[in-house]
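Here is a brief report on one protein chain.

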Amino acid sequence: MFSSKQLTPEQVATIKQSAASGAQLPDIQKQMREEMNLSLTFMDTRLLILDLGIELIVSKEPEPTPSIQHELLATGRTTLTVDTVTLPGALISGKVTFASGETGMWALDQTGLPSLDLENPEYRPSHEEIMEFQQELRSAIEKSGLA
């Protein structure tokens, strides 16, 4: 087992500086092997870091970026399609793509009430998207002969 007492003050300073600049355990282990000629196991390196009281900087997870598919779907306007085979219990049904690129399924039931099942249950369409959806739905109903 390796002890921090085996390191010179310069080596300790080098390790602390590396950790402060964002180096992680494998980086420090490699640096010690290449620059200090000290071959330590990962666990020995981890224990050494703890013994020296060094806190490694944990990098934040990168912000999720919109998928390419999501960006391609974002057309700038809300569009909807009508299913060729209507969902059971519906007068008319189809799919909607909102201006933001979010998608879902819609249906108009036997009582005339519309329903919307979004692929992303967390998503809430904007007021403008809802207005466009209603206009597109009205147009689809008229074209189908239900109005």
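## Fold and helix α3

The protein chain holds five helices and four strands. The model is a predicted one. Along the sequence the elements run α-α-α-α-β-β-β-β-α.

| Property of the protein chain | Value |
|---|---|
| Residues counted as buried | 33% of 147 residues |
| Contacts joining residues at least 24 apart, among those between residues at least 6 apart in sequence | 41% |
| Accessible surface | about 10200 Å² |
| Share of that surface on carbon and sulfur atoms | 54% |

Now to helix α3. This helix spans residues 42-52. Which of its residues are buried? They are Asp44, Thr45, Leu48, Ile49 and Leu52. Viewed down the axis of α3, these buried residues fall within an arc of 140°, so they line one face of the helix.

What do the buried residues of α3 pack against? Their partners are α1, residues 9-20, and α2, residues 25-35.

The face turned away from the buried side carries Met43 and Leu50, both exposed. Exposed here means over 50% relative accessible area, while buried means under 20%.

After α3 comes glycine 53. The phi of glycine 53 is positive, near 75°.

In short, α3 sets Asp44, Thr45, Leu48, Ile49 and Leu52 on its buried side, and these residues pack against α1 and α2. Met43 and Leu50 sit on the face turned away.

Technical notes
Residues are numbered from 1 along each chain as its sequence is written. This is a predicted model: local features need pLDDT of at least 70, side-chain atom pairs count only at pLDDT 80 or more; totals for chains, interfaces and linings use all residues. Side-chain values use heavy atoms; hydrogens and water are left out. Helices (H or I, at least four residues) and strands (E, at least two) are DSSP runs, numbered from the N terminus. Buried means under 20% relative accessible area, exposed over 50%, partly exposed in between (1.4 Å probe, protein chains only). Contact means heavy atoms within 4.5 Å. Accessible areas come from the Shrake-Rupley method with a 1.4 Å probe; for residues, only the protein chains shown count as cover. The arc is that of the directions from the helix axis to the C-beta atoms.
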